[in-house]
Amino acid sequence: MTRRSILWFLLAVAGVGGAFYARAEFPRAFSILSLDLKMDRPAALAAAERLSTERGWSPGADARTAVLFDFDDRAQTFIELEGGGAEVFKQAVRDGIHHAYRWKVRRFAAEEIGETTVEFAPDGTPLGFEEKVAEDAAGPALVRDTARQLAEQAAGAQWAVDLVDYTPIEAAEETRPNGRVDHTFVYEAVDQPLGAGRLRLRMVVTGDRVTKLERFLHVPEAFERSYDEMRSSNEAIAEGATAAMLVLYGVFGLGLGLIVMLRRKQLDWRPAAVVGVFFGLLAMAGVANGMPFLWLSYDTSMPVSVFVLLQVALVVVAGVAAFLQVGLSAAAAESLTRAAFPSRPQIWRVWSREAGSSKETLGWTLLGYLLIGVFLAYMVTFYGLSREWEGWWSPTDLLVQPNLFATYFPWLSPVAGALQAGFWEECLFRAVPLAGAALLGDRFGRRKLWIGAAFVIQALVFAAAHANYPAQPAYARLVELILPSFLFGWVYLRHGLLPGIILHA
């Protein structure tokens, strides 16, 4: 390929042109939400602290905090599929009809039951809160009407809720063993612009204290069941592919392949172990980088030291798992590739001082980058046509992740995930089945037939393994990734692992 200038010219035109095309057509192919995000993480923390001080929420000034920019994916799915479509969802978010995206600030203290979670709209408007109170905390037994009046006063004075726009639909009470009575009131908005979805307000009065105000979209049970069925179809396809992957690639590819290569004394395990250690450390760093989020799930009945030790253990487990996962896959992929395709570049030497200065390495590297434009152009075209012609659905995306700025190094987690996926999946999904099939063809004859069968199988398994993404129909991701899987397989057969790893990552 390096000797054919016309091929490079055509590839460069396709890659650069595809990138510009994808950039221009991306908003038409994908449903993108433009969100006016006026509050950031420090502002959410400051606002929660101010409200907590003003209203006397527990715990006190020594509280720990955890912040999350969250979204209501179930409500989003309902609106897009049955409540009017993606444009209705985006309009509802922009107009504040339903706050699908919101900041959540948790204030808590170790070994204390009392804690508070406060929610804010993206523009900083306080939306609601929940204060946890011990079941045996003292409190009076208010009658329902008195508790309702207390809740309605708080809704109007503290949370700017105009109850003229709501009608009461539910009321419940629970008497605690110490005689305290807790009341729950649910209101429904009079104006319902989201189809069968019900905009509601839930308030809780604990004794004589308002401890919860929640605004939410109640999704019909019929949709919940149909959505769960849809997701089960997504999961079933992915689980079937995972089972095939474990048997074909895990048992036969890694297990049998490593044994055969070891017996032949062709197992290149030392560089693979180094690669495994690198990705193990990268995985540990990625998990540790997200420690600020882990406090959202912290059980306050647990000592902080125990919780931290558990998180450290999870970091270590993630590192060991990545070491084994990537290290074994790399050892099998490279050893099988060396035996099946001796002329292909060795992945851990391709950028060495000697090989890295060659035209071949330059060609393999450029090939990976130029194919990105081709790949993105395909994705944009596929999603655009499937939405317009077939009515296929994929969720509206924000294309921004404010939670990254709560991590210690915002760039680390996405880069670590991309590198591991690019390297490991190309080793396991491409090199192991295709090189293994070539060796089986050498052993039993009909080498090209074996490679051709593996070429089709690797595309199906790879595409189906990604079908657990929320999409409709359930096989949408499988159809989408068939052609890219063939492209990845062709790249490996012709040029080795490097271009596919670059493109994939």
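Modeller: Happy to. The protein chain exposes about 25200 Å², and carbon and sulfur atoms supply 61% of that area. Keep in mind that this is a predicted model.

Colleague: Thanks. How many helices and strands are in the protein chain?

Modeller: The chain has 15 helices and 8 strands. Its C-alpha atoms fill a box of roughly 85 × 55 × 40 Å along the principal axes, and 46% of the 505 residues count as buried.

Colleague: And the contacts, what share of them join residues at least 24 apart?

Modeller: Among contacts between residues at least 6 apart in sequence, that share is 72%.

Colleague: Take Val251 then, buried or exposed?

Modeller: Val251, in helix 6, counts as exposed because its relative accessibility is 53%, and the cut-off for exposed is over 50%.

Colleague: What about Ala238, buried or exposed?

Modeller: Ala238 is also found in helix 6, but this residue is buried, because its relative accessible area is 5%. Leaving aside residues up to four places away in sequence, Ala238 touches Ala464, Ala465, Ala467 and Asn468. Val161, by contrast, is 77 residues from Ala238 in sequence and 44 Å away in space, C-alpha to C-alpha.

Colleague: New topic: how many salt bridges does a search of the whole structure find?

Modeller: The search finds 24. One of them joins Asp228 to Arg74, with the closest N and O atoms 3.5 Å apart. That pair links distant parts of the chain, since Asp228 sits in helix 6 and Arg74 in helix 3 (residues 73-82), 154 residues apart. Asp228 is partly exposed at 41% relative accessible area, and Arg74 is partly exposed at 24%.

Colleague: Nice. Where do Arg338 and Glu334 lie?

Modeller: Both are in helix 9 (residues 304-340), 4 residues apart, about one turn of the helix. Arg338 is partly exposed at 22%, whereas Glu334 is buried at 1%.

Colleague: And Arg430 with Glu426, buried or exposed?

Modeller: Arg430 and Glu426 are each buried. They form a salt bridge with closest N and O atoms 2.7 Å apart. About one helical turn separates them, because they are 4 residues apart in helix 12 (residues 412-444).

Colleague: Last one: which residues are linked in a network of salt bridges?

Modeller: Asp70, Arg102, Lys104 and Glu119 are linked that way.

Methods. Residues are numbered from 1 along each chain as its sequence is written. This is a predicted model: local features need pLDDT of at least 70, side-chain atom pairs count only at pLDDT 80 or more; totals for chains, interfaces and linings use all residues. Side-chain values use heavy atoms; hydrogens and water are left out. Helices (H or I, at least four residues) and strands (E, at least two) are DSSP runs, numbered from the N terminus. Buried means under 20% relative accessible area, exposed over 50%, partly exposed in between (1.4 Å probe, protein chains only). Contact means heavy atoms within 4.5 Å. Accessible areas come from the Shrake-Rupley method with a 1.4 Å probe; for residues, only the protein chains shown count as cover. A salt bridge is a side-chain nitrogen of Lys or Arg within 4 Å of a carboxyl oxygen of Asp or Glu.
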